[in-house]
Every structure is written in C-alpha cells, then in structure tokens.
Amino acid sequence: MSRFAVAFASILSGLACLPALAFPPNITYIVTRFDDPVPDGCKPHDCSLREAVTEAGQHPTHDIAQLGAGTYILKSTLVVHHSVAIVGLGAATTRITTTAALQPALQIDEAVQMWFGLHDLSLDASGGYELRGRADSCITLEGVDLPSPLSKIWIEEAYGCDTVVTDSHIAGSLTVVGAIEANVSDSSFGKLTVLQTHAGNSTSYSSTIERVIVDGAAYSTAGLRIGSIGDVVLNDVTVQNTRYGLRIEEDTPSLLVDHLHYRDNREPVEIAGSALALFSDSEFTHNTAIDGAAQPGALWVRGEDAIVQVQRSTFERNRGTSDAGGAALVENGAALVFNQSTFSGNTFSTATAATGPRGGAVGYHGSAAQTILRLIGITLVAPDFVASGVSGSAIGGYGSAAQAQLRVYNSIVQGSCAN
C-alpha cells in the first residue's frame, strides 16, 4: 500500500466525528496549475488549487485536492465551503504560499459543518494567518510545515467535532478553541493554545498532547496554554526558552503529566484553576522568573482548591522572584505534595534576595482555607551560593498553623528553614 493510500485511510477514519453527515464516495481533483487564475472549473490538465477546492464545494462528497511537487500561489483568501483534504507529496516538496499577507490564506466556511484536512505540505501566508476557521467542523493537520515565526492558525468554536495535529511543525502559533477532543502529537510549535470551555455545553471534553515541543527560541511570546473543563494528558512534552511557560487554566478534573521537560523558561508551570494534577518523572531546570513578577522559578500552584502531586521529578537551578519558594510555591488554599523528588541549587534572583524571601527551594503562602505542603521522601540540596538576605535556603513561607500546614517525611534536607 502506498504512503498516500495509508494517509488517505487515516483521513477517512476521521469521518466518525461527524455522525450526522453521510458522504458519498470521494472525488480526487488533480491540481495541475501553480498560479491562481479566476476560477472557471477544474478541468483535466487545467486545474488550480482554488479551482479544485471550489469544485469540491459543489458536491456533497468528501473530496481530495491532490497537489504535486512545486510551489502553489494564492493571491487572495481561499474559502473552503465543503469537506475536502488538501494533500501534498511532503512539506519539503509541496508548498503553498501567498503573494501578500493574507488574513487568512485559507478560511473555513462558518456556515457549514465539514471535515477539513491539510496533509504533507508547507504553508506560508507571508505574515498573515495561514488558516482560520470558526466552524462546527473536524480539522486535521498531518505532516504540515508552517516555517515562518509569524505563522498563525486559529481554529475557533469547533464544538461539534475534533481537532487533530500530528507530525507537524508550526514555527508560529496554533490556537484551538472549543474542540470536543484536541489531539496533538509528534509536533513542534512556537506557541500552542488549547481552550475547551463553552458555557451551557455539557459535552465531555478532553485534550491529549504527546511528544510535543514548544520552543520560544525564535518566538517572542512563546508558551503552552491549556484551559479545559475536561481531562488533560501531557506525555513527553518539552517546553523551553519561552516567555510565558506552561499555564493550566480552568477547573480541570484530571491533569496527568508524564515526562515533562521544562527548561530555560521565564515563567513557571502555573496551575491557575482547581486542577487535580499528577506530575511524574519530570524535570524542571534552569527556569528563571522575571524580576518584578513575584513568581517561583519552576512550579506555581495557586488555583483555589487545586490538588497537585509531583513524584520522581527533579528541580535544578531554578530561580524565583516571589517572597517564598525559589523553585516551587503553593498558596490560596491549594495542596502540593512532593514524593521521591530532588531539589538542587534552587534560589532567588539577586534583587529578590535583598528583600528577605523564604525557602530557596520550596515555599508556601497561608490562607483562610489552609494551604498544604507535604514533602515525602525528597532530597533537597541548597545552592552553592545563597545571596544575602535570603531567610531559609531550603524551605520557608508565611502563615499561621491555621493558615498553612507543612509536613516533611523521610527526607534529606540540606539548608535552613524559615516558617
């Protein structure tokens, strides 16, 4: 079976997300022109990309616009009115580009429920939006390359179906709002946002992000933002060199994070909602909060009633700017439990140290709902150098016994405490 046949089989499998729609046999349109003329029908040996997609919109079928090798030009926004997959021969071989910055290059018709896919091609809107959709539709990106750091994909209000991204590289940003299931795998991004909140909708949402890299080396507002009222799974995810780090919003009922690699970021992993979260076998290294931001360097649990457990993980050389917790901070009545984890060389920025912060590795802020911090079977090693002013190079925080509960079991702690 050819690679295209295998890819198309996977395309057809996505139709299960549109049970209300019945598709007759598909039609394949072979795109033979690289320019963008005024459409006059997709004829054999005379068919542009726009003509192929326009023709596909004339029939109630799940169609394919097949591209070959080369660069295909769009002069204006191409609106997709019906289910279609645009399929190339590979991102290094098949390219779609525009003559000017389009807002967007590809637009999904808002009035039509459809299935839309981009496969094995690169796309560049010359500084505009590569793809924008506000439709109750299934969307799949597979083997897609958006090489420009200015690239943008915005998929909004796809409440009736799923969004799938796999084997893709988006140097800019991808935003998905409302998909019932968001599945992102084996891909890299400058910025990734997945939001699944819709008032009055009882749909069961879920997000799975696996083998994904979010790298801000070439993207100034890089970060990973997840806001879901459904279950979230992150597996083998790397977040590095970002300005805004990893932020978990909303009251996520289940957040499972396995093998997170969190390195050289300017903000911590932030649990902002009432999440029930488990981090396993993860690393938090060389993260430095921005001076004046009043944040820990690596992990910030601040969602009211959040319960977070971290096990078999390492926190090394992170630097905070809050008054407590150089690497990790819990507050607002949340609970944070570390189990079989290691802290080494965590501290505060020089400017923060001068103000007398507490807990170079782990800190807490008490609250009326009682903040809970538990350390079970941990090893904590103080930094080689503690800047003048730090009170408690290891553990420290603020709050009375009624406001904060700190318990340490079966652990090795090197350094001082200030409670």
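Reader: Okay, quick one to start: does Glu 304 count as buried or exposed?

Author: First, a heads-up that this is a predicted model: local features need pLDDT of at least 70, side-chain atom pairs count only at pLDDT 80 or more, and totals for chains, interfaces and linings use all residues. Residues are numbered from 1 along each chain as its sequence is written, and side-chain values use heavy atoms, leaving out hydrogens and water. Buried means under 20% relative accessible area, exposed over 50%, and partly exposed in between (1.4 Å probe, protein chains only). Glu 304 has 53% relative accessibility, so the label is exposed.

Reader: And which loop is Glu 304 in?

Author: Helices (H or I, at least four residues) and strands (E, at least two) are DSSP runs, numbered from the N terminus. With that naming, Glu 304 sits in the loop between β23 (299-301) and β24 (307-311).

Reader: Which residues gather with Glu 304 in a patch of negative charge on the surface?

Author: Patch members have over 30% relative accessible area and no salt bridge; like charges are joined within 9 Å, and nonpolar side chains (Val, Leu, Ile, Met, Phe, Trp, Tyr) within 5 Å. Asp and Glu count as negative, Lys and Arg as positive, with His and the chain ends not counted. Each charge is placed at NZ of Lys, CZ of Arg, CG of Asp or CD of Glu. Alongside Glu 304, the negative patch takes in Glu 250, Asp 251 and Asp 305.

Reader: How many salt bridges does the structure hold?

Author: Side chains of opposite charge can pair when their charged atoms come close. The criterion is a side-chain nitrogen of Lys or Arg within 4 Å of a carboxyl oxygen of Asp or Glu. For this structure, the count is twelve.

Reader: Which side chain does Arg 50 meet in a salt bridge?

Author: The N to O distance is 2.8 Å. The pair links distant parts of the chain, 14 residues apart: Arg 50 is in helix α2, and the partner in the loop between β1 and α2. That partner is Asp 36.

Reader: How far apart are the closest N and O atoms of Lys 43 and Asp 40?

Author: Lys 43 is partly exposed at 36%, and Asp 40 is partly exposed at 49%. Their salt bridge has its closest N and O atoms at 3.3 Å.

Reader: What about Glu 283 and Arg 263: how many residues apart in sequence are the parts they tie together?

Author: Their salt bridge has closest N and O atoms 3.0 Å apart. Glu 283 is partly exposed at 22%, and Arg 263 is partly exposed at 27%. Glu 283 lies in strand β22 (residues 283-285) and Arg 263 in strand β19 (residues 255-263), so the gap in sequence is 20 residues.

Reader: Which side chain makes a polar contact with that of Thr 352?

Author: Thr 352 lies in helix α3 (residues 350-353) and is buried at 7%. A polar contact is a pair of N or O atoms within 3.5 Å; within protein, one must be able to donate a hydrogen and the other to accept it, and residues adjacent in sequence count only if both atoms are side-chain atoms. Here the distance is 2.8 Å, and the partner is Ser 349.

Reader: Last one: what separates the C-alpha atoms of Phe 34 and Ile 378?

Author: Phe 34 is in the loop between β1 (28-30) and α2 (49-56). Along the chain, the two residues are 344 residues apart, and their C-alpha separation is 61 Å.

Definitions and conventions: Accessible areas come from the Shrake-Rupley method with a 1.4 Å probe; for residues, only the protein chains shown count as cover.
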